Amino acid sequence: MKQVQIFTDGACKGNPGPGGWGVLLRMGPHEKELSGGDADTTNNRMEMTAVIEGLNALIEPCAVEVYSDSKYVIDGITKWVHGWKKRGWVNASKKPVRNADLWHDLIEAVDRHDVSWNWVKGHSGHAENERVDQLASDAAEAIAAGEDA
């Protein structure tokens with residue numbers, strides 16, 4: 001099974017507002033960058049979209065190390081999602097789970113791979129996190145300016 005590292009980040013200009021996501025995929029010496037955005041979104045949705053897009057870019061099952069500065073994404077997929085499934089997609093407060101559409105997409109993307117999750121502190125000089133932060137911010141700025149991300 002191929003070993004892949006995926007670095008992800010999301011950004012939003014206003015929350016909600018125009019947002020962007022960025023991904024850096026690395027397999028050995030090979031790297032690929034992806035980015036995109038949405039005109040009306042939230043930071044959490046962009047964080048999730050980055051991971052989904054990164055995993056979906058892989059054309060075969062891989063051993064994947066995902067690196068994200070989003071506790072929301074990492075805690076959600078490793079801890080909270082199990083309870084949400086058991087409770088019929090309501091949270092502990094008996095309210096519908098936010099971003100359920102993306103949680104379903106993320107579960108589907110994760111199920112195709114052997115994924116390990118790694119939290120990195122944002123804006124701390126981590127080179128790959130800084131790069132995907134720039135990709136996400138640039139995409140959000142482009143969307144805000146009315147350009148294609």
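This is a predicted model: local features need pLDDT of at least 70, side-chain atom pairs count only at pLDDT 80 or more; totals for chains, interfaces and linings use all residues.
Local features here need pLDDT of at least 70 and side-chain atom pairs count only at pLDDT 80 or more, whereas totals for chains, interfaces and linings use all residues. Residues are numbered from 1 along each chain as its sequence is written, and side-chain values use heavy atoms, with hydrogens and water left out.

Student: Is Val 23 buried or exposed?
Tutor: Val 23 lies in strand β2, residues 17–27, where strands (E, at least two residues) and helices (H or I, at least four) are DSSP runs numbered from the N terminus. Buried means under 20% relative accessible area, exposed over 50% and partly exposed in between, with a 1.4 Å probe and protein chains only. Because its relative accessibility is 0%, Val 23 counts as buried.

Student: Which residues is Val 23 in contact with, leaving aside its neighbours within four places in sequence?
Tutor: Contact means heavy atoms within 4.5 Å. With those neighbours left aside, the partners of Val 23 are Ile 6, Phe 7, Thr 8, Lys 32, Glu 33, Leu 34, Ala 50, Gly 54, Val 132 and Leu 135.

Student: How are α2 and α3 oriented to each other?
Tutor: Axes are lines fitted to C-alpha atoms, for helices over the stretch in contact, and angles run from 0 to 180 degrees between N-to-C directions. The axes of α2 (residues 71–86) and α3 (residues 100–111) come within 11 Å and cross at roughly 100°. Angles under 35 degrees count as roughly parallel, over 145 as roughly antiparallel, 65 to 115 as roughly perpendicular and the rest as oblique. The two helices, α2 and α3, are therefore roughly perpendicular.

Student: How do the residues of the contact of α2 with α3 divide?
Tutor: From α2, Tyr 72, Val 73, Gly 76, Ile 77, Val 81, Trp 84 and Lys 85 meet Trp 103, Leu 106, Ile 107 and Val 110 of α3. Ala, Val, Leu, Ile, Met, Phe, Trp, Tyr, Cys and Pro count as nonpolar, Asp, Glu, Lys and Arg as charged, and the others, Gly among them, as polar. The residues of this contact of α2 with α3 divide into nine nonpolar, one polar and one charged.

Student: Where is Trp 89, and is Trp 89 buried or exposed?
Tutor: Trp 89 is in the loop between α2 and α3, and has a positive phi of about 65° although it is not a glycine. Most residues other than glycine have a negative phi. With a relative accessible area of 18%, Trp 89 is buried.
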